[in-house]
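My notebook is open, and I have a few places to look up. Here is the model I worked from.

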Amino acid sequence: METIFAVLAAQFPPLEAAREDGLLCAGGDLRVERLLAAYSRGIFPWYEAGLPILWWAPDPRCILPLENFHLPARSARALRQKPFELTFNAAFGRVIRACAQSRTPNGGTWLTPEMIEAYERLHSMGFAHSVEAWREGELAGGLYGVGFARVFFGESMFHFVSEASRAALAGLVSLLRMRGVTLLDCQQETPHIMKMGGGLLPREDFAQKLREALVPPVVPASGDRLPSTDHVFCGGEIHEVPDEEVWQPWRERYDYSLSSGAWASRS
């Protein structure tokens with residue numbers, strides 16, 4: 001039986017139907033199941049107040065290969081001299097609201113109250129996550145996105161203090177490496193991301209990488225059928241996978257240790 005995610009994902013047009021600017025379709029809602037179905041196909045919502053929900057699948061797609069990530073020399077030097085304290089999922093609501101303060105060219109914001117509420121629902125279920133950068137107990141910057149399986153979809157970042165968003169991104173990359181993530185999606189090209197190792201992929205290549213990131217890497221050596229299975233929609237195909245791997249939320253919380261230079265689970 002197909003999951004609700006597969007059913008909802010199939011309601012979106014094929015990715016190649018997107019306009020040249022990446023707009024795929026309009027309408028629908030922001031319930032958790034639809035958002036997860038959209039992300040599983042490489043589709044994300046982006047619109048302003050007063051417009052219908054717009055769904056996007058840009059071509060090319062901006063990604064940040066974890067092995068290519070690097071900080072600009074000046075940023076790396078500044079962060080060594082005065083590092084930030086980093087946390088994971090410690091202040092999601094504050095982070096997304098700070099990101100909403102960023103304005104679009106016409107003075108609006110794409111993070112409408114409806115969008116904020118939707119991503120907070122995703123966060124409460126373990127599918128949306130934030131990295132916070134702190135200085136002297138004050139929130140200095142951060143980022144948030146959607147993460148499940150072996151993929152993270154970066155949504156937005158902000159800073160109140162210079163270099164704080166870069167510190168949060170460096171922390172995210174370290175955490176994703178630790179979790180075995182294979183794809184960090186940045187959606188659209190920005191000078192900020194490209195300076196730190198970002199690259200562009202044709203949409204078809206991105207969809208293939210997404211399919212690979214959503215299929216569990218562990219297969220029984222004997223080739224025997226696993227006793228308990230379900231199905232998950234992965235970029236155009238239905239894959240049979242173990243129940244525990246289907247939409248597994250990330251509920252862990254971490255703190256970054258400056259002394260060890262690594263993330264540690266928060267007890």
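Before the packing entry, I noted that contact means heavy atoms within 4.5 Å. I also kept in mind that this is a predicted model.

**Helix α3.** I started with α3, residues 73-81, and found S75, A76 and L79 buried. Viewed down the axis of α3, these buried residues fall within an arc of 100 degrees, so they line one face of the helix. What do the buried residues of α3 pack against? I found α6 (164-179) there. On the other side of α3, I listed A73, R74, R80 and Q81 as exposed.

**N89.** Next I looked up N89, which sits in the loop between β5 (85-88) and α4 (92-99). Is N89 buried or exposed? Its relative accessibility is 8%, and buried means under 20%, so N89 counts as buried. Setting aside neighbours within four places in sequence, I found N89 in contact with several residues, among them H123, H129, E132, W250 and R253.

**Cores.** The largest nonpolar core holds 53 residues, and W55, L111, Y119, L122, Y144 and F148 have the most contacts inside it. I then noted a second, separate core of 29 residues, including L86, L143, L169 and L172.

**Sheet.** Last, I traced an open sheet of three strands in the order β1-β3-β2, paired antiparallel. β1 (23-26) and β2 (44-45) stand at the edges with a single partner strand each, so one side of each has no neighbour in the sheet. β1 pairs with β3 (residues 54-56) over three bridges, and the bridge partner of A26 in β3 is L54.

Terms used
Residues are numbered from 1 along each chain as its sequence is written. This is a predicted model: local features need pLDDT of at least 70, side-chain atom pairs count only at pLDDT 80 or more; totals for chains, interfaces and linings use all residues. Side-chain values use heavy atoms; hydrogens and water are left out. Buried means under 20% relative accessible area, exposed over 50%, partly exposed in between (1.4 Å probe, protein chains only). Helices (H or I, at least four residues) and strands (E, at least two) are DSSP runs, numbered from the N terminus. The arc is that of the directions from the helix axis to the C-beta atoms. A nonpolar core is a set of buried Ala, Val, Leu, Ile, Met, Phe, Trp, Tyr and Cys residues joined through side-chain atoms within 4.5 Å. Two strands pair if DSSP finds at least two bridges between them.
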